[in-house]
Amino acid sequence: MTTRSQAEPVALDTSTEPAVRLRGATLAYGERPLWSGLDLDVAPGEFVAVLGPNGSGKTSLLRVLLGLQQLNSGTVEIGGEQARRGSNRIGYIPQQRALDANVTVRGRDLVGLGLDGHHWGMGIRARRQRKQRVDEVLAAVEATPYAKQPLGLLSGGEQQRLRVAQALVGDPAVLLCDEPLLSLDLSHQRKVSRLIADQARSTGSGVLFVTHEINPVLPMVDKVLYLVDGRFRLGTPDEVMNSATLSELYRTDVEVARVGGRLVVAGAEQCQDHHVVEADEA
Ligand SMILES: Nc1ncnc2c1ncn2[C@@H]1O[C@H](COP(=O)(O)OP(=O)(O)OP(=O)(O)O)[C@@H](O)[C@H]1O
């Protein structure tokens, strides 16, 4: 499923800058801080899962990295440069919203938009390379059969696979994924998770992956950032996803068990609806 781009590379030199760097980052809307004093480095190729209950500030973190939301204090860098809107170093899979049935843009045109801002040059050769890259990524998400249909006529899961393709097509240095598995069936959840992890390993994209359910991506996760009610913990899955750490974070008794390679979290009401147990995932 791994593909390589012929676009001018935007992935970073792994020996130098982290893909993402936050220092002393604080974000508050009004009085209530969503998180404060956050130091986070995402190295090229690293896969970071961002967890937390509703309203804990996961999407807001992505908005900060996208340059759409200002920090109250601290700094945020993408590849050593201050985060800014419209950076072509970032691939973004937004939280899913169903598109209106009247949207007539074709899937492959949506994916092609992910290459805008890259330096492809002019002429027939560049056009052919661009088309080839779009075709590769469409095939990787198994969207080729419906890529010429209007987006508004596609199912939620089909639209979502095209959003994934759009985010991946430019080989971004940073891949921001906001619950990208929602509305995908189990088979496509696995394929899309694997595709994102492969992208991280092969092109050095640093991945921030917001999810309510860590199990489908657990084998791929290098670090977990867990946000709860203004507090956070950052570490390896074993360091964060254990009873002592989550009890401290939620300030109530939380039990974490490993069952057949999966994590089951029980205790605080807000984390029960957060870690859904699926029978099928290995
Ligand atoms: N621009 C804004 N102005 C004021 N409050 C905001 C703004 N954006 C988000 N919020 C609030 O900040 C909190 C965090 O929102 P955010 O969307 O980051 O949470 P989340 O962790 O992604 O939640 P979910 O799991 O429900 O998607 C919420 O209470 C939300 O209402």
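**Close-up views of the predicted model**

**View 1. Strands S1 and S4 pair in the antiparallel sense.** In this predicted model, five bridges join strand S1, residues 20-29, to strand S4, residues 73-78. One of the bridged residues is Val 20, whose partner in S4 is Ile 78.

**View 2. S4 and S5 form a hairpin.** Strand S5 covers residues 81-82 and pairs with S4 over two bridges, again in the antiparallel sense. Glu 77 has Gln 82 in S5 as its bridge partner. Two residues lie between the strands, and Gly 79 in the turn has a positive phi of about 55°.

**View 3. Leu 65 in the largest nonpolar core.** This core has 76 residues, and Leu 65, Ala 165, Leu 208 and Phe 209 touch the most other members. Beyond its neighbours within four places in sequence, Leu 65 is in contact with Val 20, Val 76, Ile 78, Ala 83 and Leu 176. Two of these contacts, Val 20 and Ile 78, are also the bridge partners shown in View 1.

**View 4. The shell of residues around the ligand.** The shell includes Tyr 29 and Leu 34, along with Gly 52 and the run Asn 54, Gly 55, Ser 56, Gly 57, Lys 58, Thr 59 and Ser 60. Helix H1, residues 58-65, supplies the largest share, three residues. By class, the shell has seven polar residues, two nonpolar and one charged.

**View 5. The whole chain for orientation.** The chain has eight helices and twelve strands. Of its 282 residues, 43% are buried. Among contacts with a separation of 6 or more, 67% are between residues 24 or more positions apart.

Definitions and conventions
Residues are numbered from 1 along each chain as its sequence is written. This is a predicted model: local features need pLDDT of at least 70, side-chain atom pairs count only at pLDDT 80 or more; totals for chains, interfaces and linings use all residues. A residue is near a molecule or strand if its C-beta atom, placed from the backbone, lies within 6 Å of it. Helices (H or I, at least four residues) and strands (E, at least two) are DSSP runs, numbered from the N terminus. Ala, Val, Leu, Ile, Met, Phe, Trp, Tyr, Cys and Pro count as nonpolar, Asp, Glu, Lys and Arg as charged, and the others, Gly among them, as polar. A nonpolar core is a set of buried Ala, Val, Leu, Ile, Met, Phe, Trp, Tyr and Cys residues joined through C-beta atoms within 7 Å. A residue is buried if 20 or more other C-beta atoms lie within 10 Å of its own, exposed if 12 or fewer, and partly exposed in between; C-beta atoms are placed from the backbone. Two residues are in contact if their C-beta atoms, placed from the backbone, lie within 7 Å. Two strands pair if DSSP finds at least two bridges between them.
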